[in-house]
Amino acid sequence: MTKILIVEDEKPISNLIDMSLTNAGYTCTCAYDGMQAADYLEQKTYDLVLLDIMLPKVNGYELMEYIRPMGIPVIFLTAKTSVVDKVKGLRLGADDYLAKPFEIIELLARVETVLRRYHKTEEVLEAGDLTIDVVSRVVKKNGEPISLTKKEFDLLVMFVQNRNIALFREKIYEHVWESEYMGDSRTVDLHVQRLRKKVGWEDKIKPVYKVGYRLEI
């Protein structure tokens with residue numbers, strides 16, 4: 001199980017990140033100041049650190065210098081959005097930099113990308129009666145393989161990694177089709193309908209009025 005340390009002093013933000021990452025299958029620990037985070041890093045091994053800059057006791061830049069020799073990837077999460085701040089964070093060794101406010105779907109995508117870079121991603125996802133091999137792109141339902149197109153597979157992985165989160169159609173389109181959403185929902189709706197039918201999740205992938213879809217599982 002991939003273990004993530006969330007270092008964020010604002011508890012509502014920390015709780016939201018924790019809930020979203022836990023729903024996506026990660027194991028999370030929350031620290032609310034830099035000193036507490038340093039203690040956790042001494043006691044346990046983590047695959048990724050999500051690190052705020054403006055922290056009590058020890059700030060994110062100082063903690064980054066402590067983390068760097070450990071070889072743990074770090075994503076900065078911060079309201080400090082100037083180029084100078086971003087460059088400083090990256091020069092200290094951060095792998096990515098996400099400015100607040102951010103959307104959870106973007107955070108999950110950044111987390112997945114950094115973990116993949118370090119070969120720490122989960123190769124097999126499990127959700128309900130489905131097993132999804134991300135590397136070989138094989139999906140099985142109760143042990144029986146299901147044939148999906150590339151887009152359907154990418155949609156399924158996106159839903160599973162964002163389970164119980166309402167996803168906007170435009171974000172689904174931009175993530176799966178990797179191009180700007182032009183306001184035509186038919187492409188997304190058609191692919192979602194076909195995916196629901198193929199995997200037998202008509203009662204699990206549910207439409208959200210004026211938003212998009214949510215996998216309830």
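The legends below describe close-up views of a predicted model. Local features are described where pLDDT is at least 70 and side-chain atom pairs count only at pLDDT 80 or more, whereas totals for chains, interfaces and linings use all residues. Residues are numbered from 1 along each chain as its sequence is written, and side-chain values use heavy atoms, with hydrogens and water left out.

**View 1**
Helices (H or I, at least four residues) and strands (E, at least two) are DSSP runs, numbered from the N terminus. Helix H1 covers residues 11-23, and at 1.5 Å a residue its 13 residues should span 18 Å, which agrees with the 18 Å between its end C-alpha atoms; the expected span is 1.5 Å times one less than the number of residues. Ser 14, Ile 17, Ser 20 and Leu 21 of H1 are buried, where buried means under 20% relative accessible area, exposed over 50% and partly exposed in between, with a 1.4 Å probe and protein chains only. Seen down the axis of H1, the buried residues fall within an arc of 135°, so they line one face of the helix; the arc is that of the directions from the helix axis to the C-beta atoms. These buried residues pack against strand S1 (3-7), strand S2 (27-31), strand S3 (48-51), strand S4 (74-78) and helix H5 (104-117), contact being taken as heavy atoms within 4.5 Å. Just after H1, Gly 25 has a positive phi of about 105°.

**View 1. Thr 29 in strand S2.**
Thr 29 is found in strand S2 and is buried, with a relative accessible area of 19%. Leaving aside residues up to four places away in sequence, Thr 29 touches Ile 4, Leu 5, Ile 6, Tyr 40 and Tyr 46.

Rolling a probe the size of a water molecule over the atoms shows where empty space is left. On a 1 Å grid over the protein atoms alone, a cavity is a set of points where a 1.4 Å probe fits but cannot get out, a pocket is an open set with protein on both sides within 12 Å along at least five of seven lines, and lining residues have an atom within 4 Å of a point. Grid points are joined across faces, edges and corners, and a volume is the space filled by probe spheres set on the points. The structure holds one cavity of 30 Å³ or more, and about 70 Å³ of space lies in the largest cavity. The residues lining the largest cavity are Ala 24, Tyr 26, Ile 105, Leu 108, Ala 109, Glu 112, Gln 161, Asn 162 and His 175, and the largest share of this lining, four residues, comes from H5. By class, the lining has five nonpolar, three polar and one charged residues, where Ala, Val, Leu, Ile, Met, Phe, Trp, Tyr, Cys and Pro count as nonpolar, Asp, Glu, Lys and Arg as charged, and the others, Gly among them, as polar.

**View 2. The largest pocket.**
About 610 Å³ of space lies in the largest pocket, which is lined by 26 residues, with Glu 112, Arg 116, Val 134, Val 157 and Gln 161 nearest its centre. H5, strand S6 (124-127), helix H6 (150-161) and helix H7 (169-176) each supply at least two residues of the lining, and the largest share, five residues, comes from H6. Eleven nonpolar, five polar and ten charged residues make up the lining of the largest pocket.

Glu 106 has its place in helix H5 and, at 32% relative accessibility, counts as partly exposed. Glu 106 and His 175 are 69 residues apart in sequence, and their C-alpha atoms are 9.2 Å apart in space. In the loop between strand S5 (96-99) and H5 lies Pro 101, joined to Lys 100 by a cis peptide bond with omega of about -10°.

**View 3. Two loop residues with positive phi.**
Asn 164, in the loop between H6 and strand S10 (167-168), has a positive phi near 65° although it is a residue other than glycine, and at 34% relative accessibility it counts as partly exposed. Lys 210, in the loop between strand S11 (205-208) and strand S12 (212-215), is likewise a residue other than glycine with a positive phi, near 60°, and counts as exposed at 68% relative accessibility.
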